[in-house]
Amino acid sequence: LNSILGFSELLRSQVGSDRDPERLAEYADAIHSSGNHLLSLINDILDLSKIEAGQMQIHPEWLDPAAAARTVVELMREQAMRRGLTLECRVDPAIGPLKADPRRFRQMLMNLLSNAVKFTESSGTVAVEARVTGEGWLAVSVIDTGVGMRRQDIARALEPFGQIDHPATRSQQGTGLGLPLVARMAHLHNGRLTVDSTPGVGTTVTIWFPPD
């Protein structure tokens, strides 16, 4: 919000002047970026509040998880390209349908992909994969070659507003709500979330949907 107010004040002070148009465009870009970040923050806080109050309802319907994953990957592609990352969707369309809330399914994937892209350094890889286990569970995973986490840090990352103090992550904007929200939304689908991570190697976050 401070960024929005600051850059809009700079923009307002130059209205009608012949100042550098590129500089004005930079101000506008900064306002737009900060506005998106603020909107995301507000939505995450509202969603978490609804879940903790027991007021979030899901509306499951049959969906194609492979098509939904491709859509989310494409939405994240430009951001990944700006960071010099390879972004892949490895979900086989033959995996079959899933009964889940379409909006929340995409939101879960978007949150996981956003985290993975944010904490993976240039030339790294982020991918979405899915498989059906022998017991019939559908495991949808977001895999990255990012900074990774220590075992003791994973529990903190799953707490609301829990952020890990790491030199590679201090420059990244975040609220610490991404993973907790996905974990709670998975629970609303009678599923669960698991995190497997190794510092300096990468992280795999998996949403598990039950056979039914």
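This is a predicted model: local features need pLDDT of at least 70, side-chain atom pairs count only at pLDDT 80 or more; totals for chains, interfaces and linings use all residues.
Visitor: Core first. Which residues touch the most other members of the largest nonpolar core?
Guide: Leu 113, Val 128 and Phe 209 do, in a core of 43 residues.

Visitor: What is Leu 113 in contact with, leaving aside its neighbours within four places in sequence?
Guide: Its contacts are Val 72, Val 73, Met 76, Leu 87, Val 126, Val 128 and Val 142. Val 128 is also among the residues that touch the most other core members.

Visitor: On to α2. How many residues, and what reach?
Guide: Helix α2 has 32 residues, 21–52. From first C-alpha to last it reaches 47 Å, close to the 46 Å expected.

Visitor: Which α2 residues are buried?
Guide: Tyr 27, Ala 30, Ile 31, Ser 34, Asp 44, Asp 47, Leu 48 and Ile 51.

Visitor: And what covers them?
Guide: The cover includes α1 (2–13), α4 (102–118) and α6 (178–188).

Visitor: What happens just after α2?
Guide: Gly 54 takes a positive phi there, about 70°.

Visitor: Salt bridges now. How many?
Guide: Eight. One of them pairs Glu 9 with Arg 12, with the closest N and O atoms 2.5 Å apart.

Visitor: How are Glu 9 and Arg 12 placed in α1?
Guide: They sit three residues apart, so about one helical turn separates them. Glu 9 is partly exposed at 42%, while Arg 12 is exposed at 58%.

Visitor: What about Arg 77?
Guide: Arg 77 bridges to Glu 74 at 2.9 Å, N to O. Those two are also three residues apart, in helix α3.

Visitor: Which residues are linked in a network?
Guide: Glu 88, Arg 90 and Glu 129.

Key: Residues are numbered from 1 along each chain as its sequence is written. Side-chain values use heavy atoms; hydrogens and water are left out. A nonpolar core is a set of buried Ala, Val, Leu, Ile, Met, Phe, Trp, Tyr and Cys residues joined through side-chain atoms within 4.5 Å. Buried means under 20% relative accessible area, exposed over 50%, partly exposed in between (1.4 Å probe, protein chains only). Contact means heavy atoms within 4.5 Å. Helices (H or I, at least four residues) and strands (E, at least two) are DSSP runs, numbered from the N terminus. The expected span of a helix is 1.5 Å times one less than its number of residues. A salt bridge is a side-chain nitrogen of Lys or Arg within 4 Å of a carboxyl oxygen of Asp or Glu.
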